[in-house]
Amino acid sequence: MKMRSGRTVRDLRRENRTAVLERLYFDGPLSRFSLGPVTGLSSGSVSNVVSELVAEGLVEEAGSVDSAGGRPRTLLRVSAHSGYMIGVDVGETRVRIELFDTALTELARVERPLATESPRRVDRYDVGVVVGHLRKGIPEVLDLAGIPAERLLGVGIGVPGIVARSAQDGAVVHGQTIGWDTVPLERLLRESRLLPEAVPYYIDNGAKTLGQAEMWFGAGRGAQNAVVVLFGSGVGACVVTDDMRSGQALEWGHLTVRVRGRNCRCGATGCLEAYAGAEALLERWAEAGGRPPADADEETALTAMLAAAYPVPDAEGATAPADATALAVLEETAEYLGAGFSDLINLFQPERILVGGWAGLQLGRRFLDTVRTYTASYSLKYPGGRVDIDLGTLGPDAVTVGAAILPLAAFFARGGRRAEAAPEQQSPAWQTSLRERAAQ
């Protein structure tokens with residue numbers, strides 16, 4: 001039956017279930033009495049929805065709380081075992097696959113290294129190799145935790161590059177910097193028949209999944225407008241504003257910061273990533289006469305660079321002299337990042353800029369202080385004076401957590417119903433407002 005608004009009774013029931021599940025998830029445990037004001041539902045509607053969700057095993061009791069003069073009120077929460085999600089980070093040195101329950105407790109993890117010995121970066125991202133890691137790793141985490149594939153709400157995957165969608169192939173990845181040209185990643189995974197057909201894949205840009213995690217559970221919570229920066233071998237960003245409420249991945253690393261500048265791995269010249277990504281930072285250190293450790297991966301080499309630039313006292317309190325070359329390259333990198341941050345500030349006027357990714361977390365607050373100084377000098381005074389720049393709080397697993405949130409968000413949007421159709425026929429998780437969830 002359709003209502004005057006065009007919504008059906010089924011739509012209304014789904015929306016009511018979604019409202020209850022979301023409030024219990026973000027603000028719970030809550031009593032039935034408390035759910036009314038925060039969802040806007042009548043006591044009768046709350047009672048009916050809660051009864052359904054409890055009967056389906058999605059909601060459970062979580063103790064009680066005293067009431068004013070009456071019987072204690074039973075508290076409710078979303079059951080951690082009402083479903084499971086897999087989050088995947090197709091990262092720069094490894095593919096990380098993690099299994100979570102709905103409370104986002106990690107139940108199992110598998111990591112597969114990507115070969116780094118080749119001088120050509122794109123070789124480590126051979127499509128067959130990456131897909132092979134996923135084909136083996138997804139069943140492995142399920143086996144480790146003893147979870148049947150049928151219990152999955154979905155698999156979320158964060159990838160480098162732009163993700164488009166087609167009716168025929170599902171999610172298609174355009175990862176120019178890693179040599180992926182129109183890679184039908186979803187179709188390749190579905191053809192392998194890893195999972196039952198009803199289990200959906202949600203594939204999105206890694207910076208966006210990082211942003212999703214920080215906005216839901218990290219340093220972005222409570223912000224109406226924020227930019228979350230992924231700083232690894234390269235750099236990317238996710239912006240959440242009033243105009244881009246669902247969050248938008250930006251190819252920020254390929255903003256031109258120097259005309260006819262350094263060659264970027266995307267094929268252009270003068271990109272921010274050619275100066276500010278960890279890969280470029282280490283190359284510039286070597287070109288300036290620095291000595292990165294031989295045959296070390298990027299994470300190890302960056303650790304060595306930071307130790308050279310910012311030496312710590314030894315057991316006897318003596319401190320070695322700082323490596324002037326490493327310091328100079330880091331200072332220049334901070335200036336390029338500050339200029340890049342100023343563009344984000346002048347364009348989007350965010351309340352917060354949050355820095356995540358393995359390199360951003362390694363560089364840390366000491367480096368970030370210098371970035372803040374340059375950001376202030378390059379940005380307009382009014383928006384620049386209103387923004388807080390800080391590190392993300394979710395650590396190196398933020399991309400996998402954010403990827404796992406994609407199927408969870410879709411599950412809530414369906415009112416706690418499991419997927420019945422292909423992902424392109426459903427309301428995708430990214431249509432749900434990150435900004436609204438973060439502010440709640």
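## Cores and helices in a predicted model

L330 touches (heavy atoms within 4.5 Å) L281, M305, L306, A309, Y310, L363 and F367, not counting residues up to four places away in sequence. This is a predicted model, in which local features need pLDDT of at least 70 and side-chain atom pairs count only at pLDDT 80 or more, while totals for chains, interfaces and linings use all residues. Residues are numbered from 1 along each chain as its sequence is written, and side-chain values use heavy atoms, leaving out hydrogens and water.

A nonpolar core is a set of buried Ala, Val, Leu, Ile, Met, Phe, Trp, Tyr and Cys residues joined through side-chain atoms within 4.5 Å. Buried means under 20% relative accessible area (1.4 Å probe, protein chains only). The largest core has 46 residues, and W252, M305, L330, F341 and F367 touch the most other members. Helix α10 gives the most to this core, with nine residues. Apart from it lies another core, of 36 residues, including V163, L188, L189 and I203.

Helices are DSSP runs (H or I, at least four residues), numbered from the N terminus.

| Helix | Residues |
|---|---|
| α1 | 9-27 |
| α9 | 298-309 |
| α10 | 324-348 |

The axes of α9 and α10, lines fitted to C-alpha atoms over the stretch in contact, come within 8 Å and cross at roughly 110°. The two helices are therefore roughly perpendicular (65 to 115 degrees). M305, L306, A308 and A309 of α9 meet A326, L327, V329 and L330 of α10.

In α1, the buried residues include N16, R17 and F26.

Key: Buried means under 20% relative accessible area, exposed over 50%, partly exposed in between (1.4 Å probe, protein chains only). Axes are lines fitted to C-alpha atoms, for helices over the stretch in contact, and angles run from 0 to 180 degrees between N-to-C directions. Angles under 35 degrees count as roughly parallel, over 145 as roughly antiparallel, 65 to 115 as roughly perpendicular and the rest as oblique. The expected span of a helix is 1.5 Å times one less than its number of residues.
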